[in-house]
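Keep the 3D view open as you read.

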Amino acid sequence: MKLFARISTLLILIGISSGLLALQQYGDQDGYSGFSRRGFSSPGDTEKSEYSWSRLRYSSAGGGGYGYGGYGYGRGGNWSRDYPKADRQFLIALRRLTRIQARPVEQVVDLDSDEIFNFPWVYAVQVQTWSFTEDEAKRMREYLLKGGFLMVDDFHGTADWESFLNGMLEVFPDRQIEELGDKDELFHVLYDLGERFQVPGEQYVSTGRTYEKDGYIPGWRAIRDDNGRVMVAICYNMHLGDAWEWADDPRYPEKFASMAFRIGINYVMYGMTH
């Protein structure tokens, strides 16, 4: 596939390009249909797996937020931005580039039940809009302290950060958010990512800008538990989900897609081993 012609290793060249071709074929047949409260289903949905990708569905500040994206363009609630295409393409890369037996489809999880405890790794986007009830905040706190891992993505600039903190402080009012250094273990679990760069959304194709709003500098941040384990991995001023979603479009630069996949895979590997 032309998009991945410049990828540095043969493994990644074969793995990602073949995977995205398979997804294109699968998407044409399936149309990302079958949405339900419990997510999507497919013929491979019942196979045994050691890892399941889950996405957090939350109520947005101001009400609403329980629609769904539909082919990844974010129609419905803010939680569903790039859903489900970004999730599916990431899972193809994960299955191709690692030996993890990952469930081939994603799962939607809510905080209004204990179901989230069945999925030890969860992804959330547009988190500047999230809002929790007291019970939901308590359940998220318990989930993370019991070993869960939360990755947040796709929020940009000063105002978004302050809004994100409003929700995060409901969960952890007394825990510090720290900057992750280049030598942090999270960046070296599988891929060595000591040198990283801002990953933009699809808007880069038309604007040439890697940033949105006033989010000029990317931030890799985290909240840790009492033992130093990263519980919340914060991808700020970047849009990894868009990079996964548009990785099969030749207009979107390969270097951004490759970085986004590597970051996500490292986070999954870390969450599974810590």
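A salt bridge here is a side-chain nitrogen of Lys or Arg within 4 Å of a carboxyl oxygen of Asp or Glu. Keep in mind that this is a predicted model. Side chains of opposite charge can pair when their charged atoms come close.

**Salt bridges**

How many salt bridges does a search of the whole structure find? The search turns up 14. Here are some of them:

| Pair | N to O distance |
|---|---|
| Arginine 81 and aspartate 154 | 3.5 Å |
| Lysine 85 and aspartate 248 | 3.4 Å |
| Arginine 88 and glutamate 106 | 2.8 Å |

Start with arginine 81 and aspartate 154, whose closest N and O atoms are 3.5 Å apart. This pair links distant parts of the chain, 73 residues apart. Arginine 81 sits in the loop between β2 and α2, while aspartate 154 sits in the loop between β6 and α4. Are the two partners buried or exposed? Arginine 81 has 28% relative accessibility, so it counts as partly exposed.

Next come lysine 85 and aspartate 248, which meet in a salt bridge at 3.4 Å, N to O. Because lysine 85 lies in helix α2 and aspartate 248 in the loop between α6 and α7, the pair ties together parts that are 163 residues apart in sequence. Both of these residues, lysine 85 and aspartate 248, are buried.

**Helix α7**

Now for α7, which has 20 residues. At 1.5 Å a residue, α7 should span 28 Å, and its end C-alpha atoms are 29 Å apart, which agrees. Of those 20 residues, 17 are buried, so α7 is largely enclosed by the rest of the structure.

**Proline 200**

Where is proline 200? Look in the loop between β7 and α5. Proline 200 has 1% relative accessibility and so counts as buried. Leaving out residues up to four places away in sequence, proline 200 touches Arg209, Thr210, His239, Tyr252 and Phe256. Glutamate 212 is twelve residues from proline 200 along the chain, and their C-alpha atoms are separated by 8.1 Å.

Methods. Residues numbered from 1 in each chain as written. Predicted model: local features only at pLDDT ≥ 70, side-chain atom pairs only at ≥ 80, totals over all residues. Heavy atoms only, no water. Helix = DSSP H or I, 4+ residues; strand = E, 2+ residues; numbered from the N terminus. Buried < 20%, exposed > 50% of the residue type's maximum accessible area, 1.4 Å probe, protein only. Expected span 1.5 Å × (residues − 1). Contact = heavy atoms within 4.5 Å.
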